[in-house]
Amino acid sequence: MASTESSQPKHFLAYKGKFRLFGLTIDDCIKVFFGGNAVVSIVVLTLITYFLFREGAGFFGQNRRNLDIYRRAGLEYVDYIRTQQDDHTALTRYLSDLRLRQLRYLTQERHLSLAEANAKLGPFDDFAEQYGDAIEPIRTIVSDLTEQASAIKTKCGVAEDKLTERQQLLAEGRNADAGRVVVESVDFAAELAPIRATLPAWREASAELTKRISQVLVTAPAMPDPALQARLERFKELNATYVAGFPAIQRRLETWDYTKPVPAAQALTSFIFGREWLTASFWQDWYGVIPLLVGSVMVSLLALVLAVPLGVGAAIYVNQMASPLEQRFIKPSIEFISAIPSVVLGFFGIAVLGQAMRALSQVSWLSWVPGFPYSERLNILTAGCLLALIAVPTIFTLAEDALNNVPRAFKEASFALGATRLQTVIKIIVPASLSGIISAVLLGFGRVIGETMVVLLCAGNRIAIPDFTMGLGVVTQPVHTMTGIIAQEMGEVVQGSIHYRALFVVGILLFFLSLGINYVAQAVVRKYRVSIG
Amino acid sequence: MASNPPAHPFQSPPTAARRRERWIFALFGGATYCVILCGALVFGTIIGKGAGSVFQTRAPFINTTFLTAAPESLHVFEFEGRKREMGDQEYRAFVAQHPAAARVKSESYVYSAGGIFPCIVGTVLLVIGSMTIALTLGVSAAVYLNEYARDGTFIRFVRLAILNLAGVPSIVFGLFGFGMFVIFFGWNVSLLAGWFTLAFMVLPVVITASEESLKAVPRGFREGSLALGATKWQTIRKNVLPYALPGILTSSILGIARVAGETAPIMFTAAYVVRDKLPWEVERAVDFLFQGVMALPYHIYVVSSKIPQNEYTERVQYGSAFIFLLIVAVIASASILLRNQLRNRYKW
């Protein structure tokens, strides 16, 4: 009896023994261990949210202070006048564009030599010059005020630096040293007085500008061509609106009050709706996400426009039409494309595609394509084409899965009713799997909007809202993107500065955008799934 | 085909609808092959131009300097009527020998001479570390989800988290890794920070792949083992994991390709633009974990965006891209081939 017991393997019994850890058996412990690992994904998601907010949340306070100083140092006041100058500059640019068109018309339609054409444009040049000179008084005021306001802002900055220095010293317990740091408080009312005193001078200059513009416009020479004449009329109209805007500026200047606090919400709205992302400028930094968001969305949309027909088409082809041999070849090939690292694609864009596309755009018989020819090698088009190559495998794989899930019976029933293969595919298979295909497209969108390296290398990195007046040709303009700006500027910013925090806020936006896209994709599948059974 | 007699009596005669159908099918096929063609074009260009800097016509046919040396600046200058190209070290030795050469104006291009050895090493280290972490966490999580968990609110949350984690852009992982590991934990730009960032990024891929492999193991295996009196853990260890492991590993290879290929997460967590020392040249063993490394994808980003493009810089640009593509392509094709083989081998 005893011998048989000892020969029995005790291995298994040991596990079923009474060993307990915190009241748990070994098996329970193992289960808890595995369960703990399963929780990791939730933990990571929470940590991502937490750390993005930890670094980014300070942005709004800093941005509010930033805007506050913008107002109190009088920069806002000066910028009101500056709009007047900037609008005038835009109108002057319109005039020089008009001159270029005239010159082209004269040399190409009337076959004049360049010298003759230029001579013929003499009166127009005089007109343009007079128009350009009209702004001079305003320009002088603006440049004077710019200097003064900058000086006040610098003083504010110095005072703030001293304050932080003192706080640091106090925190370190060096009270004596802290006492020696003199913080000069800025007397805004006194500092701003000279700026505000220029109001009468500005009023005079503005009235003068109005008068001169109306005088100059009368002397506008006639255009050689009705189309150009129409443009000149348009110019006059634009001027009328421009001049009509002066009273509004005057009202804003008169009612401007530096003590009015910046509303807290503006720290947020100036980020979400801000049309300018301007950093490290001597005048005023702006953190508006719109140019980056528009860039990201434009590039992604273009990529989808290219990738959806190709990806979904390929999925339908492979799933419904291709022979088994083709299937065995195509599927791994497309999976292989998804393995191309994005940085290699970006390099390909810089080294090959950008140049090739530009050369293509300059071929004369393609000039009817909107936006062609263009000169910027790296732009939305280049980045969009490469991103399409990234999106296609994602869309293909998921759409193929969706098509695969359609039961055979659907297809067979359709054939039995006499439908052709094409009719079956278009009327039965695709509608049945439409929810899956749509979610595939959405996930592809999520994939491309979060893609970094390709857009960083190939989108052109110009921070500006593209000019939509070009119609479809807008895709030939360079943009900057949300992912690109983080990758580009994160390495250069000072930790804890407003710029640093702004980049984290862009990251937060990106994070929630991707969560949102994910959610919609799942909701589409849940809600519109054709019940299969 | 059209002139042939019908193969069987039920085949319908060619009609306009059928012709249209064929056209449309050809269109779909065209879209498919267009995609493959684009992919092949990218591969072809990089391979065609990159092969030049990796292979050579003389024995040993592989440019060993490129694979085993660190990046250097390239100096191009004309001396005594001959145009010379030299790496930084060679150039200094040359100038020491011929003092007259110092007065000759030389153009220099950073990173364009030497090789990419430290980058390859860095990438390999990053991949090994992060995949170890990701596999440990991911396989365990998958075991729990597939073997232990019963459907409930908690599991729904876990699955939702995995699904959402898969959609988070890689640059956001980079920001997160920077905020948590680099700043909050104070690890600075280091291997460890890169490992965890990449591991968390690839976690959803590993979990999904592992779960699928575990699901493929038939229920009977588990039930048989349990019926013989084994505990749950014994069942999993002896009767489930061994059969699922090949599948887990092959599917996870795709995760490796992703880890190796990503640049954005390591940009501010692990990668240095340039570093003189190799990773194992550290004073204390602990320093090994807390050092930044050069990584191939980041190097490609640097050489393609920060230096001008010309005949001298082209070699290193295409060469690095080629090596990188080669590594990733080998990993990816290994995964695809292995999976196809596995599908044939295990059938129950």
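This is a predicted model: local features need pLDDT of at least 70, side-chain atom pairs count only at pLDDT 80 or more; totals for chains, interfaces and linings use all residues.
I call two residues in contact if their C-beta atoms, placed from the backbone, lie within 7 Å.

**Ground rules.** Residues are numbered from 1 along each chain as its sequence is written, while chains are lettered from A and ligands numbered from 1 in the order in which they are written.

**Where the chains meet.** I looked up the contact: 73 residues come from chain A and 67 residues from chain B. On the chain A side, helix α3 (residues 26-56) gives the largest share, 20 residues. Helices here are DSSP runs of H or I, at least four residues, and strands are runs of E, at least two, numbered from the N terminus.

**Chain A overall.** I found 24 helices and two strands in chain A. Its radius of gyration, taken over C-alpha atoms, is 33 Å, well over the 24 Å that the globule rule (2.2 Å times the number of residues to the power 0.38) gives for 533 residues, so chain A is more spread out than a compact globule. Its C-alpha atoms fill a box of roughly 120 × 85 × 40 Å along the principal axes.

**Domains.** An automatic or database domain assignment sets the bounds: chain A has domain 1 (75-257) and domain 2 (291-528). I noted 42 Å between their centres, taken over C-alpha atoms.

**Confidence.** For the model I noted ipTM 0.89 and pTM 0.87. Chain B averages a pLDDT of 84, with 95% of the residues at 70 or above.

Methods
pLDDT is the predictor's confidence in each residue, from 0 to 100.
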